[in-house]
Amino acid sequence: MAKKVKTEKPITDEIATTAKDIDIFAGWLNRLENPDPTLRTEAGGKGLKLYDEVDRDSHAGSVLQTRYLAVVGKEWEVLAADDSDASGKIADAVKSMLLSCNFTQACQELLQAILYGFFVSEVMWSVVRRPPSMDRGKSGNGQWTTNNGQPLIIPAKIMGKHPRRFMFDMERSLRLLTPQNMIDGEAVPDRKFIVFTCGSSDNPYGKGLGQKLWWPVWFKKNGIKFWLMFLEKFGMPTVKGKYPPGTPPDQQQALLDAIDALQNETGIKIPNTMELELMEATRQGRVTYETLAEYMDKQMSKAVLGQTATTEGTPGKLGGDEAQGKVRQDILKADADLLCECLNSTLVRWIVDYNFPGVTDYPKLWIRTDAEQDLKALADRDKILVNDIGLPVGRKYFYETYAIPEPEEDENSVAGGDAPVPSKAAALPAGAREFAETGDLSPADTLAALGDKTLAEANLDDLMAPIERLLGSVETLEEFRDRLLEVYSDMDASSLGDLMQKALTLADLSGRFDVGER
């Protein structure tokens with residue numbers, strides 16, 4: 001039994017290289033052959049052009065386009081590497097550059113890697129004057145410059161190139177096939193070609209859906225061809241001619257001419273010794289050419305979309321739209337994440353390297369695939385919880401959930417008309433306000449401030465600061481109750497319990513104590 005090789009340090013080099021792959025023949029050629037089994041048996045020298053026929057099929061092209069546009073139709077953004085202002089400016093610059101070119105079209109074209117296995121796009125860089133909003137200084141020649149003193153370098157256009165024009169060498173490096181070098185291809189420059197690969201991390205040619213779609217398309221195409229032949233042959237009755245034995249050949253030919261004339265003319269003439277009949281086609285069974293075509297369409301839908309509800313499903317049927325929609329969401333998110341990984345490691349990184357040299361933490365492109373929340377339904381639910389049930393809810397929840405910025409102190413608000421928004425401490429009595437702003441008030445004085453009658457008219461949420469300070473000075477719920485009893489000696493148990501519950505809720509510290517222990 002062979003022993004495993006033991007190493008103390010991790011091996012960083014690749015061991016299972018393409019040169020060691022027993023299924024790939026390289027020989028004297030410096031190229032990596034595409035291992036796609038369908039191309040090897042059916043392409044006949046066409047290469048990846050074979051899958052153009054798949055894309056031309058009306059149904060296959062439709063479901064493929066549906067999958068592409070599901071990603072392209074989503075909103076995207078560029079996330080900063082961190083919370084610093086510098087990272088934010090870099091992310092904004094990258095986003096503005098992507099918006100200034102045909103970025104949406106480029107994404108749609110790159111997603112054709114789902115069909116072909118990989119797809120290539122060429123970046124057409126352009127050197128332009130730097131906009132003032134992105135500049136930190138102006139050069140002597142009147143051009144807006146980057147931090148390194150160079151004009152802005154932006155992707156002016158991203159052009160999709162058919163993958164049949166490219167191949168990979170044994171190191172998985174992209175090479176361009178040209179009339180001068182149709183075997184090994186030519187090396188391509190860095191930061192010029194984006195390669196999006198689907199289905200395989202080891203094989204640079206990827207594993208596209210063309211391998212699965214080719215046969216349903218082929219069977220469907222040939223089935224329709226025979227269907228048309230059937231319609232031509234049996235769409236109308238077949239003419240049968242009869243002639244008696246010993247009929248001369250010239251009269252037999254005259255009978256055939258009469259048959260041809262019957263198919264094109266309204267009337268014919270034949271001798272009374274000959275006979276013409278119309279034969280009706282008869283067949284049995286439920287399988288038809290149309291059934292075959294529909295079946296193949298369903299196989300294409302399953303291969304591309306993971307289900308058939310989008311194209312053939314019936315709403316309301318068991319196991320229909322809801323379950324199959326989840327499959328579509330999984331595929332959509334995977335496609336978007338894969339595309340983002342590709343662009344983040346290529347285009348986004350190249351833009352930053354050209355315009356912001358020295359940056360090590362790069363921004364990230366992110367495509368939002370999650371369905372947007374129905375805020376109206378959520379607002380109706382929150383209204384019932386707060387107004388009807390009386391559930392205490394912090395204001396911060398509403399600002400964050402509905403993406404509304406909280407007004408600053410002394411800022412005019414819509415709810416309050418033109419009056420400035422008062423500070424929380426301003427609504428407190430003098431003693432409690434001093435404690436909320438400075439924290440110098442003792443717990444006993446705080447309890448006294450809580451007992452101020454005018455405090456009942458203030459917003460309970462404004463009591464947050466003093467209550468948090470009070471709760472921070474006690475260890476148990478019983479101690480908190482006893483401290484309250486020292487001040488509220490004339491308060492009944494029900495009112496005291498209500499005050500304690502509000503205090504715990506407002507301070508959001510109810511988890512510290514077991515509220516049920518009383």
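1. Apart from neighbours within four places in sequence, Y51 is in contact with D36, T38, L39, L115, Y116, G210, Q211 and W214, where contact means heavy atoms within 4.5 Å. The model is a predicted one, in which local features need pLDDT of at least 70 and side-chain atom pairs count only at pLDDT 80 or more, while totals for chains, interfaces and linings use all residues. Residues are numbered from 1 along each chain as its sequence is written, and side-chain values use heavy atoms, with hydrogens and water left out.

2. Y51 also belongs, with F103, L339, L343 and L347, to the residues with the most contacts inside the largest nonpolar core, which has 73 residues. Such a core is a set of buried Ala, Val, Leu, Ile, Met, Phe, Trp, Tyr and Cys residues joined through side-chain atoms within 4.5 Å, and buried means under 20% relative accessible area, exposed over 50%, and partly exposed in between (1.4 Å probe, protein chains only). Helix α3 (residues 58–72) gives the most to this core, with 7 residues.

3. Overall, the protein has 19 helices and 10 strands, taken as DSSP runs numbered from the N terminus (helices H or I, at least four residues; strands E, at least two). Of its 518 residues, 35% count as buried.

4. Strand β10 runs antiparallel to β1 (residues 76–79), to which 4 bridges join it, the criterion for pairing being at least two DSSP bridges between the strands; I367 is the bridge partner of W76.

5. The whole structure holds 12 salt bridges, each defined as a side-chain nitrogen of Lys or Arg within 4 Å of a carboxyl oxygen of Asp or Glu. In one of them, R368 pairs with E77, with the closest N and O atoms 3.1 Å apart. Because R368 lies in the loop between β10 and α13 and E77 in strand β1, this pair ties together parts that are 291 residues apart in sequence.

6. E122 forms a salt bridge with K161 (3.9 Å, N to O) and another with K192 (3.6 Å, N to O). K192 sits in the loop between β6 (181–187) and β7 (193–197), and E122 in strand β2, 70 residues apart. E122 counts as buried at 16% relative accessibility, and K192 is buried at 18%.
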